Amino acid sequence: MPVIHVTDRGGDQLTLAWTPGRSLMDELRDAGLGVEAICGGSCSCATCHVWIDPAWYARTGGRGRNEEELLSYLEGFDPARSRLSCQVRNAEELDGLIIEVAPAE
């Protein structure tokens, strides 16, 4: 099963199994890592903001227009690393993905 390497908001590092067919948001929320996901993954709230390790960023695909707009309003927005975890789906090329849960805003 694919895995995700996560640094949580407290700086703790852990590895999670990433179930095929699930979004990154689903795994982070279900693991209790502070990802609120208020909109349930419909790309309308930005409460699932994460920073993707730069070495992995390109593999997650590009940000869509709505995602880009939502992220641009966040204080912690980093154009080189920010993604909404609801928009990142499990894919074979993402096995071992390294992320950090962005601060709550």
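A37 lies in the loop between α1 (24-30) and β3 (49-52). Helices (H or I, at least four residues) and strands (E, at least two) are DSSP runs, numbered from the N terminus. This is a predicted model, in which local features need pLDDT of at least 70 and side-chain atom pairs count only at pLDDT 80 or more, while totals for chains, interfaces and linings use all residues. Residues are numbered from 1 along each chain as its sequence is written, and side-chain values use heavy atoms, with hydrogens and water left out.

Stay with A37 for a moment. Its phi is near 50°, a positive value in a residue other than glycine. Most residues other than glycine have a negative phi. A37 is also buried, at 7% relative accessible area. Buried means under 20% relative accessible area, exposed means over 50%, and partly exposed is in between (1.4 Å probe, protein chains only). Which other residue in the loop between α1 and β3 deserves a look? C43 is placed there. C43 is not a glycine, yet its phi is positive, about 60°. C43 counts as buried, with 13% relative accessibility.

Now turn to the strands. β3 and β5 run antiparallel and are joined by three bridges. Two strands pair if DSSP finds at least two bridges between them. W51 stands opposite E100 in β5. Strand β1 (residues 3-7) pairs with β5 too, in the parallel sense, over four bridges. There, H5 has I98 of β5 as its bridge partner.

Next comes the loop between β4 and β5 (97-101), where N90 is found. N90 is buried, with a relative accessible area of 16%. What does N90 touch, leaving aside residues up to four places away in sequence? The list is P2, W18, T19, P20, G21 and R22. Contact here means heavy atoms within 4.5 Å. With T19 there is a distance to note: a polar atom of the N90 side chain lies 3.2 Å from the backbone oxygen of T19.

Charged side chains come last. Side chains of opposite charge can pair when their charged atoms come close. A salt bridge is a side-chain nitrogen of Lys or Arg within 4 Å of a carboxyl oxygen of Asp or Glu. How many salt bridges does this rule give? The count comes to seven.

One of them joins the side chains of R83 and E67, at 2.7 Å from N to O. This pair links distant parts of the chain: R83 sits in strand β4 (residues 82-84), E67 in helix α3 (residues 65-72), and the two are 16 residues apart.

E68 is partly exposed, at 31% relative accessibility.

Some salt bridges join up. R22, D26, E27, R29 and D30 are linked in a network of them. Within that group, the side chains of R29 and D30 meet at 3.3 Å, N to O. R29 is partly exposed, at 31% relative accessible area. D30 is partly exposed as well, at 48%.

Key: A polar contact is a pair of N or O atoms within 3.5 Å; within protein, one must be able to donate a hydrogen and the other to accept it, and residues adjacent in sequence count only if both atoms are side-chain atoms.
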